[in-house]
Amino acid sequence: MQSKVSKVEKPVLPMFKKFEWRNYIVYFAFIGVLIYFSINLYDEGFLSSSNLLNIVRQTATISLMALAMTFVISTGEIDLSVGSIAALSSLVGALALQAGYGIIGGLIGGVGTGIVVGLINGLLVTKVAIPSFLVTLGTMGAIKGLAMWVTDTAPVPIVNSNFNFIFGSGDIGPIPVLLLWTVVFTIIAHVLLRKTSFGRQVLATGGNESAARFSGVKTMKIKLLVFLGTGAMAGLAGLLYAGRMNAGRFSFGEGDELSVIAAVILGGTSLFGGVGTIIGTLVGSLMIGTINNGLIIMGLDVSQQMIIKGIIIILAVAFGKKAVKR
């Protein structure tokens, strides 16, 4: 009589786990965009080193703000004021330089402006309990108006060549300074989100705020800190705008909040909190910059670019929603 041997299921090795393609959709999309423009705009110099570096320069400010926005959205909040902060910070930094306070004064003025606005946003969200969408929508308009009023809409030129070199227009060999800014802060943000207790608390706050609070996470403090972070990074982005354009202007950052949010969601961060990825955000930002660059080379006007950008945002939110439901 043959004995029956029970079958024992073998554990599935990590390398053979089900491939979750949605986690990598931004990478596939980015490769697809590059291939499309490379083929259709080959004769227009899309793949030239000068154009590719130009994409990096144009995308740097969006990338930096998107890195900070990843933390905000990972907590389940949002910040619509980053573009306006960048504009005001560029003007404050330029005025500080014009007043003779030097590069350090310009840096403190620009980034400090962002931190102050971030603090206001954070306190209104955490202490007054106003939804972040409404808070930052209000500060977006107020800061934009302040930026226009400070210089009566006039640009503030920056003649400090060292400042312009460090914060935008400089190149170290073939490498743009703006690329170095992006790489450095991408590494910092990635380590902060993935390798520190702060990053774990950010994700826990967005995943289940009540559970995180009962686990000892000071969720209100975490939210305040992430708003301070977006304010500071938007302030730095304003200085990078000023350095690249050799002036501070109230129009800098106009509409950037849409590109920033789209980059974060396309990158794989959940719009509903609890899931965040820094590398995905950077790729999402580069993809949006590549699309903008390609559309300009193709000769599309601003209105057509806005239509396509709006479609991208809708798709980004749709994929983000599916990712949460699965």
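When I say two residues are in contact, I mean that they have heavy atoms within 4.5 Å. Keep that in mind, and keep in mind too that what you have up there is a predicted model.

On the α3 side we have I85, L88, S89, V92, G93, A96 and L97. They meet a run of α4 residues that includes G102, G105, G106, G109, G110, T113 and V117. How do the two helices sit against each other? Their axes come within 8 Å and cross at roughly 150°. Anything over 145 degrees counts as roughly antiparallel, so α3 and α4 are roughly antiparallel to each other. And if you like handedness, that crossing is right-handed.

In the loop between these two helices you'll find G100. Buried or exposed, G100? Exposed, because its relative accessibility is 62%, and the cut-off for that is over 50%. Also, look across to N160: that residue is 60 residues away from G100 along the chain, yet the two C-alpha atoms are separated by 10.0 Å.

Okay, on to α5, residues 132-150. With 19 residues at 1.5 Å a residue, α5 should span 27 Å, and its end C-alpha atoms are 26 Å apart, so the two agree. Which residues of α5 are buried? That would be S132, V135, T136, T139, I143, K144 and A147. They cover an arc of only 155° around the axis, which means they are on the same side of α5.

Let's follow α10, then, over to α7, which is residues 177-195. These two pack at an angle of about 165°, with their axes 12 Å apart. That makes α7 roughly antiparallel to α10. The residues making the contact are L178, W181 and F185 from α7, and M233, L236, L240 and R244 from α10. As α7 passes α10, the crossing is right-handed.

Next up, α8, residues 197-207. The buried residues here are G199, V202, L203, T205 and G206. Looking down the axis of α8, you'd find them within an arc of 160°, so they line one face of the helix. What do they pack against? The answer is α2, α7, α9 and α10. On the face turned away from the buried side, R200 and G207 are exposed.

Last stop: D256, in helix α11, residues 256-266. This aspartate has 9% relative accessibility, so D256 counts as buried, the cut-off there being under 20%. Which residues does D256 touch, leaving out those up to four places away in sequence? They are I62, M65, G83 and Y241.

Definitions and conventions:
Residues numbered from 1 in each chain as written. Predicted model: local features only at pLDDT ≥ 70, side-chain atom pairs only at ≥ 80, totals over all residues. Heavy atoms only, no water. Helix = DSSP H or I, 4+ residues; strand = E, 2+ residues; numbered from the N terminus. Expected span 1.5 Å × (residues − 1). Buried < 20%, exposed > 50% of the residue type's maximum accessible area, 1.4 Å probe, protein only. Arc of directions from axis to C-beta. Axes fitted to C-alpha atoms, helices over the stretch in contact; angles between N-to-C directions. Parallel < 35°, antiparallel > 145°, perpendicular 65-115°, else oblique. Left-handed = near helix turned anticlockwise from the far one by under 90°.
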